[in-house]
Amino acid sequence: MTDKNRVVIFDTTLRDGEQSPGATMSHAEKLEIAGLLDEMGVDIIEAGFPIASEGDFEAVKAISEQTKNAVICGLARANFKDIDRCWEAVKHAAKPRIHTFIGTSELHRAIPNLTMDEMAEKIHETVSHARNLCDNVQWSPMDATRTEWDYLCRVVEIAIKAGATTINIPDTVGYTAPNESADLIRRLIANVPGADEVVFATHCHNDLGMATANSLAAVEGGARQIECTINGLGERAGNTALEEVVMAMKVRHDIIPFTTGIDSTKLMNISRRVAAVSGFAVQFNKAIVGKNAFAHESGIHQDGMLKNAETFEIMRPEDVGLSETNLVMGKHSGRAALRSKLSELGFELGDNQLKDVFVRFKALADQKKEIYDEDLIALMQVGSDVEDRIKLAALQVSCGMDLEKSAEMTLVIDGESQTTRQTGDGPVDAAFNAVKTLFAHSARLQLYQVSAVTEGTDAQATVSVRLEEDGKIATGQSADVDTVVASVRAYIDALNRLLVRREKSGGDLAEVSYKDAG
């Protein structure tokens, strides 16, 4: 990296982001997101944790084979088996990287029950092994911000001497603050022999809401790689949001004089896609990519915007890929117009995909007079590549004041049609009870969320449902102008995904005792 102010963007949406409970993506979805990240200009894609499962291995391998520009990185714990498995997956990439880690704080050293000296030797052995396989090796001292200063310097020096080319300093539990983040990187660069020969990276979690601030502070302190995820997706409160650090450096370049290779006009599209495949909706007031990020309701704000957009906007909507057009589609729109409009919104479809979407578009147009951009985005986001063992064939609900709330439902389960009528506290509860009656299961409803796609009484409802069964979590989504229908379809989508996870788990994930590298 020749430009001293160039910051490398390391995206871990497919690894750390996927660790969010319920955010597991399918193989096809991972490949799609990796392709979008590569097109957007992400420098390094952490594609997964190959030892975690056969599915993770195959996804990392496939992403390595398909990616054109980005470095493809896999994660490995500090043992030869993990590292060898990681290399088997990433070696197919044009630019592979092995990322190995171990917890170095006193709390984390207790997990494998290693002394400081034993851990230091393990770091030397495993980083050396990784470097013998791959020229590009990243090493992370997990929980670095709570590791004793002298010991952190010692192990970072060992990793550098063993061949690590990038040293990542993770704030694993979101504990640090901006001034500490900058100071820690600055001191490591100043005190560790060989520090000037490697790239220092920062990986921050958002437990105290400071992940973006901590990452930018670390860059100010000398780090030149930021680890982040789309929409800040990640465990607990999430990770540093890619869109936030990228736009902060772009908008406030006067005081944050660093650059990235990211095409910011692609941010909105990939944000929407990650939200869809992960099942984690973006909060309306989320910085940069939230639905309200460029909305103005206050009269004073609206008046100022009409006179000069810069009065209340520091970014232009088009800078992040937000289309200014809206109401253009209807039931008379043809297939070519739909393809063109979807392309404007960032969706490139093959002929077979377009055929399927066009059928759904026409069905929606028969229900709604006006089709907004948000309607089309919802239409694209609710498609599932999971095999539907359970399908909704018919639904009729009854509800109202002083009336019994009931649902009569027909499901097609593994090709066989079954019908039941059940009651509940309301129409959705009754419908969910009907699903459970027809397909008995022990999954627990963790989340039921409804949001309107657009304004008006004919607006589509987008519904997210998260189910948990024996530690396995799956999220389903659907959209429909009928909220109850959307709710049932989302519930069934989650159930179908849970069945796939149940069938594929086979104990593979149980091999990994802890997955976070920061």
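At what angle do the axes of helix α3 and helix α5 cross? Select residues 80-90 for α3 and residues 116-133 for α5: their axes come within 10 Å and cross at roughly 20°. That makes α3 roughly parallel to α5 (angles under 35 degrees count as roughly parallel).

Before we go on, a word about what is on your screen: this is a predicted model, where local features need pLDDT of at least 70 and side-chain atom pairs count only at pLDDT 80 or more. Residues are numbered from 1 along each chain, and side-chain values use heavy atoms, leaving out hydrogens and water.

From α3, pick F80, I83, D84 and W87; from α5, pick E125, T126, H129, A130 and L133, which together make the contact (heavy atoms within 4.5 Å).

Next stop: E46 and R15. They form a salt bridge, with the closest N and O atoms 3.1 Å apart (a salt bridge is a side-chain nitrogen of Lys or Arg within 4 Å of a carboxyl oxygen of Asp or Glu). E46 lies in strand β2 and R15 in the loop between β1 and α1, so the pair ties together parts that are 31 residues apart in sequence. Both E46 and R15 are buried (under 20% relative accessible area, with a 1.4 Å probe and protein chains only).

Then select D56 and K30, another salt bridge, at 2.8 Å between the closest N and O atoms. D56 is in helix α2 and K30 in helix α1, and both residues are buried.

Technical notes. Axes fitted to C-alpha atoms, helices over the stretch in contact; angles between N-to-C directions. Helix = DSSP H or I, 4+ residues; strand = E, 2+ residues; numbered from the N terminus. Parallel < 35°, antiparallel > 145°, perpendicular 65-115°, else oblique. Buried < 20%, exposed > 50% of the residue type's maximum accessible area, 1.4 Å probe, protein only.
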